[in-house]
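Please look through the sequence and the model below.

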Amino acid sequence: MFTPVAGRTVVVTGGSRGIGKGIARVFAAAGANVVITGRDGAVGRAAAKELAGAGGSGSAAGGSVSYVAGDVSSAADSARLADEVLGRFGGCDVVCANAGIFPSASLETMTEGDIDLVLGVNVKGALLVVQAFLPALKASGHGRVILTSSITGPFTGFPGWAHYGASKAAMLSYMRTAAIELAPHRITVNAVLPGNIATEGLTVLGDAYQAAMEASIPMRRLGEVEDIGNAALFLATDEAAYITGQSIVVDGGQILPESPAAMDLP
Ligand code: NAP
């Protein structure tokens with residue numbers, strides 16, 4: 001049995017949709033005070049209301065879910081987010097730097113603007129938000145930074161995602177140095193590397209795409225957003241206090257087959 005995270009303050013950037021929303025749901029169910037972020041206020045407020053329970057502000061386990069608008073690629077927005085969270089809860093224990101974008105562009109057609117955008121949100125954004133919360137994480141005594149990286153970049157490649165893959169691998173380099181710098185403050189810095197996760201965005205790609213993806217995964221299903229949330233929750237527990245600078249792949253075994261033939265079971 002792990003020590004409960006109930007009552008701890010947890011920030012999930014990009015918690016208004018997809019994987020971030022799943023992470024927020026898992027922490028809220030565990031009784032944490034969860035603050036989700038995103039740029040679209042209508043989507044963010046609706047998600048907070050949904051996660052907190054129909055019309056209420058408290059989760060079943062006594063926590064709460066609220067929303068703060070902000071662009072992670074802006075230092076000013078990250079500072080304002082930290083001010084709002086500290087104003088509401090007096091501190092912060094866990095920062096899930098999850099917000100990310102994955103526009104597709106071949107290397108041949110990729111513009112300088114495409115590269116700046118992806119690196120600006122995925123890498124700079126993950127640095128800025130953690131910087132903004134450093135005083136609070138140090139004061140927490142059990143500060144946790146949990147990055148949402150990806151199997152794409154650190155382990156695999158996918159056409160159209162040279163900039164995205166580079167950004168997700170860069171997050172792991174950042175993680176290792178931050179883990180060393182922050183260890184004296186008892187702050188751990190780890191990453192979750194999702195495989196193919198069933199999010200709202202995936203449904204628009206259609207059933208055929210989904211079936212092809214499922215066939216390439218040993219577990220024969222896409223991941224649920226809560227699969228990522230559960231890994232993040234473990235990294236946030238007191239029992240994970242000695243794990244830092246590490247990454248957990250959550251992909252149903254997707255990176256394991258050495259060739260398509262490995263998926264043809266006898
Ligand atoms: P998603 O459904 O598109 O959600 C992205 C979230 O990030 C939204 O809440 C979005 O809200 C927010 N966001 C985007 N740009 C932002 C910015 N500049 N500032 C603040 N918030 C921003 O994406 P997802 O699939 O859940 O992906 C979440 C993370 O998981 C990303 O880091 C992604 O690289 C990673 N990942 C996803 C998968 C997958 O299968 N889905 C696999 C591996 C890794 P707004 O648009 O309102 O700002």
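His163 has its place in helix α5 of this predicted model. With a relative accessibility of 4%, His163 falls under the 20% limit, so the residue counts as buried. The side chain of His163 reaches 3.5 Å to the backbone oxygen of Pro103.

The next residue to look at is Thr188, which belongs to strand β6, residues 188-194. Its relative accessible area is 3%, and Thr188 is therefore buried as well. Between Thr188 and His142 there are 8.0 Å in space, taken from C-alpha to C-alpha, while the two residues are 46 apart in sequence.

Two arginines have backbone angles worth checking. Arg186 lies in the loop that runs between α5 and β6. The phi angle of Arg186 is near 60°, which is a positive value in a residue other than glycine. Because the relative accessible area of Arg186 is 60%, and over 50% counts as exposed, this residue is exposed.

Arg220 is in another stretch of chain, the loop between α7 (207-215) and α8 (225-236). Here too phi is positive in a residue other than glycine, with a value near 60° for Arg220. How does Arg220 count at 39% relative accessibility: buried, exposed or partly exposed? The value lies between the limits of 20% and 50%, so Arg220 is partly exposed.

Which side chains come within polar contact distance of the ligand? Among them is that of Ser16, where an N or O atom is 2.7 Å from an oxygen atom of the ligand. Lys168 places a polar side-chain atom 2.8 Å from a ligand oxygen. A nitrogen atom of the ligand lies 2.9 Å from an N or O atom in the side chain of Asp71. Taken alone, the ligand exposes 880 Å², and the protein buries 92% of that area. The space that the ligand takes is the largest pocket.

Note on methods. Residues are numbered from 1 along each chain as its sequence is written. This is a predicted model: local features need pLDDT of at least 70, side-chain atom pairs count only at pLDDT 80 or more; totals for chains, interfaces and linings use all residues. Side-chain values use heavy atoms; hydrogens and water are left out. A polar contact is a pair of N or O atoms within 3.5 Å; within protein, one must be able to donate a hydrogen and the other to accept it, and residues adjacent in sequence count only if both atoms are side-chain atoms. Accessible areas come from the Shrake-Rupley method with a 1.4 Å probe; for residues, only the protein chains shown count as cover. On a 1 Å grid over the protein atoms alone, a cavity is a set of points where a 1.4 Å probe fits but cannot get out, and a pocket is an open set with protein on both sides within 12 Å along at least five of seven lines; lining residues have an atom within 4 Å of a point. A molecule sits in a cavity or pocket if more than half of its atoms lie within 2 Å of its grid points. Helices (H or I, at least four residues) and strands (E, at least two) are DSSP runs, numbered from the N terminus. Buried means under 20% relative accessible area, exposed over 50%, partly exposed in between (1.4 Å probe, protein chains only).
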